[in-house]
Amino acid sequence: MRKSTGIPVLDDMLRGGLEDGSTTVLYHTPFINGALFAYHICHHRLKSGDSVIYFTNTKRIFTIMEDAERFGWDMREYREIGRLSFIDAYTPFMGLSGEGRYAVSDPTNPEEITSVLARALEEHESGSLLVIDSLSTALDQCGVEVLDKLEDWGRLVTLYDASLLCVFADWGYESQIRMRIEDFFENMIELTSIERNVIIGDIFTVRKVEGEVVESKRVPFKLMRPGGVRIYIPKILVTGPFHAGKTSVVHALSTRAVSVDRESTTVALDFGHVEFEGFYADLFGTTGQQRFDPILEQLGGEAIAVILVVDSTKPETFPRAIEMLRKARAYGLPCIVFANKQDLPNALSPEEVRAKLGFGEEVPVVGTVATTGEGVREGLRILLNTIFGG
Amino acid sequence: MMEGKLTLRDMLKKVLMDLNATGEVYASAIVSRNGLLMACEMPSDIDSRTFAAMTATMVGAAETAFSELKKGVAERVIVEGREAKIIAMGAGKKALLVTMSDPRANLGLILLEMEKASEKIRKLLGR
């Protein structure tokens with residue numbers, strides 16, 4: 001049975017989530033907090049009724065609980081009812097006694113680690129999630145012998161219908177180590193940073209699913225407090241002719257928006273944060289009047305996608321809409337047309353709007369009434385699907 | 001085992017931290033000219049991404065206004081308020097450096113420190 005990770009898009013990339021009996025590595029560069037991905041998945045699984053066994057050799061248990069809480073995941077209750085158990089391999093390493101329900105007295109001994117994992121799995125109901133945070137630290141402490149144990153761990157999770165999730169920070173290990181990791185795990189999620197042009201951010205991608213090497217999308221994300229892993233789109237451009245309703249669209253979609261406007265006309269920019277079904281995006285709404293085109297040209301750059309807003313009652317403004325797309329250098333980006341003002345009596349239907357714009361079937365057109373919010377969320381959903389779906 | 005390698009983001013952050021440490025500036029950010037936040041060192045109550053987008057808009061508008069006058073390029077934008085002073089200047093072709101400081105802070109000193117920082121940023125961004 002596949003179980004959701006709680007992280008949007010990732011589930012689709014993993015063909016539905018993590019399967020019982022499967023092994024997954026969360027492979028990340030040291031500058032990204034890979035463990036937070038694991039917390040997100042843990043909390044989601046706990047919330048869905050599963051048990052989680054969390055092996056830590058990098059932090060004290062209360063630090064994990066506090067870190068998770070800062071992201072909005074309160075896991076105390078689950079710990080009290082015994083659905084969340086810790087295996088402490090951290091404090092024993094410092095010469096103190098273990099603090100969790102289970103402890104590894106000698107964290108440099110892969111044999112002992114394996115036997116504690118086995119005991120913990122035995123004492124939890126089947127279908128639980130076993131997190132190793134982190135495999136790279138275990139590798140540092142035990143040496144490569146710990147990788148020889150991976151086969152045993154894989155057998156254990158098969159036996160108990162659990163799923164194994166190992167956090168692995170790549171501190172610059174030899175290539176054989178990376179190859180062994182890639183070979184062993186059935187699923188591989190990779191977290192890296194991108195520095196492309198002016199986009200500086202973190203992305204996740206899936207390198208392997210069910211033992212099969214795959215080419216997947218690179219999905220930008222941010223860690224939000226609260227909220228955890230959110231797919232993050234730094235710029236969606238909202239453009240269109242004068243008085244088409246762009247500002248209303250930005251405000252209808254945003255949880256928080258600011259506008260620079262004078263007498264109901266935007267003179268500089270509408271800017272809004274959108275939180276939507278696990279996605280997080282920033283909207284840049286441009287001004288429609290021709291005399292502000294230099295600003296449109298400047299602010300249009302680096303958009304990931306475009307919402308083109310047109311007034312469905314004014315087909316004579318459509319050529320201007322096309323011109324704006326071109327000026328914003330947004331032609332060819334994933335795009336959706338909001339055929340706005342559908343509440344007005346002489347509004348063209350979305351299909352008529354498409355035809356008049358000269359767009360093909362590949363550009364979705366939705367009818368909207370931005371002032372009441374009708375259709376705008378549906379439109380955003382379609383746009384996000386175009387960017388990340390299928 | 002740790003490679004002593006900083007990411008570009010860490011480097012940009014360090015430039016900003018050094019700038020803030022000069023004492024004249026209490027918040028700073030590097031923003032792309034098209035409004036995306038690249039790095040910031042700001043108090044958490046400021047919405048840094050909105051600030052970034054608006055700063056880029058402000059500079060873009062100022063530059064356009066200025067070039068319409070045919071008087072060359074705008075070097076910087078300074079906004080003086082009763083409670084703060086915002087200064088934005090170019091940092092290479094693609095980026096802007098923005099700072100916020102006390103209205104009574106020494107402008108000359110801030111500009112000097114910002115020039116130095118913006119030169120570093122230009123080199124770090126490789127353009």
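## Two helices that meet in chain A

Let's start inside chain A, where Val249(A), Ala252(A) and Leu253(A) of α10(A) touch Val376(A), Arg377(A) and Leu380(A) of α14(A). Keep in mind that everything here comes from a predicted model. Sorted by class, the residues where α10(A) meets α14(A) are five nonpolar, no polar and one charged.

How far apart are the axes of α10(A) and α14(A), and at what angle do these helices pack? Helix α10 of chain A covers residues 246–253 and helix α14 of chain A covers residues 376–388; their axes are 10 Å apart and the angle is about 80°. Angles from 65 to 115 degrees count as roughly perpendicular, so that is the word for how α10(A) and α14(A) sit relative to each other.

## A second pair of helices

Now for another pair in chain A: helix α5 (residues 110–122) and helix α8 (residues 150–159) have axes that come within 10 Å and cross at roughly 5°. Because of that angle, α5(A) is roughly parallel to α8(A).

Which residues make this contact? From α5(A) come Ile113(A), Thr114(A), Leu117(A), Ala118(A) and Leu121(A), while α8(A) brings Asp152(A), Trp153(A), Leu156(A) and Val157(A). Split by class, the contact of α5(A) with α8(A) has seven nonpolar residues, one polar and one charged.

## Salt bridges

Across all chains, a search of the whole structure turns up 39 salt bridges. One of them pairs the side chains of Arg180(A) and Asp148(A), at 2.8 Å from N to O. This pair ties together distant parts of the chain: Arg180(A) belongs to helix α9 (residues 175–184) of chain A and Asp148(A) to helix α7 (residues 145–148) of chain A, and the two residues are 32 residues apart.

## Where chain B meets chain A

How many residues does each chain bring to the contact? Chain A puts in 33 residues and chain B puts in 27 residues. Together they bury an area of about 2600 Å², and carbon and sulfur atoms give 63% of that. There are three salt bridges between chain B and chain A. Among them is the one between the side chains of Asp47(B) and Arg256(A), with 2.6 Å from N to O.

The interface of chain B and chain A also has 10 residue pairs in polar contact, counting pairs with both residues at pLDDT 80 or more. On the side of chain B that touches chain A, α1 (8–21) and α2 (48–68) of chain B each supply at least two residues. The largest share of that side comes from α2(B), with nine residues. By class, the residues on the side of chain B that touches chain A are 10 nonpolar, eight polar and nine charged.

Most peptide bonds are trans, and most residues other than glycine have a negative phi. Chain A has some spots to look at with that in mind. The peptide bond joining Asp133(A) and Ser134(A) is cis, with omega about 5°. You'll find Ser134(A) in the loop between β7 (129–133) and α6 (135–142) of chain A. Another cis peptide bond runs from Arg225(A) to Pro226(A), and its omega is near -10°. Pro226(A) sits in the loop between β12 (219–224) and β13 (228–239) of chain A.

Then there's Val9(A): this residue is not a glycine, yet its phi is positive, at about 70°. Where is Val9(A) found? Look in the loop between β1 (2–3) and α1 (10–13) of chain A.

Key: Residues numbered from 1 in each chain as written. Chains lettered and ligands numbered in written order. Heavy atoms only, no water. Contact = heavy atoms within 4.5 Å. Buried area = accessible area lost by both parts, 1.4 Å probe. Salt bridge = Lys/Arg side-chain N within 4 Å of Asp/Glu carboxyl O. Polar contact = N/O pair within 3.5 Å; in protein donor to acceptor, adjacent residues only side chain to side chain. Helix = DSSP H or I, 4+ residues; strand = E, 2+ residues; numbered from the N terminus. Nonpolar A, V, L, I, M, F, W, Y, C, P; charged D, E, K, R; others polar. Axes fitted to C-alpha atoms, helices over the stretch in contact; angles between N-to-C directions. Parallel < 35°, antiparallel > 145°, perpendicular 65-115°, else oblique.
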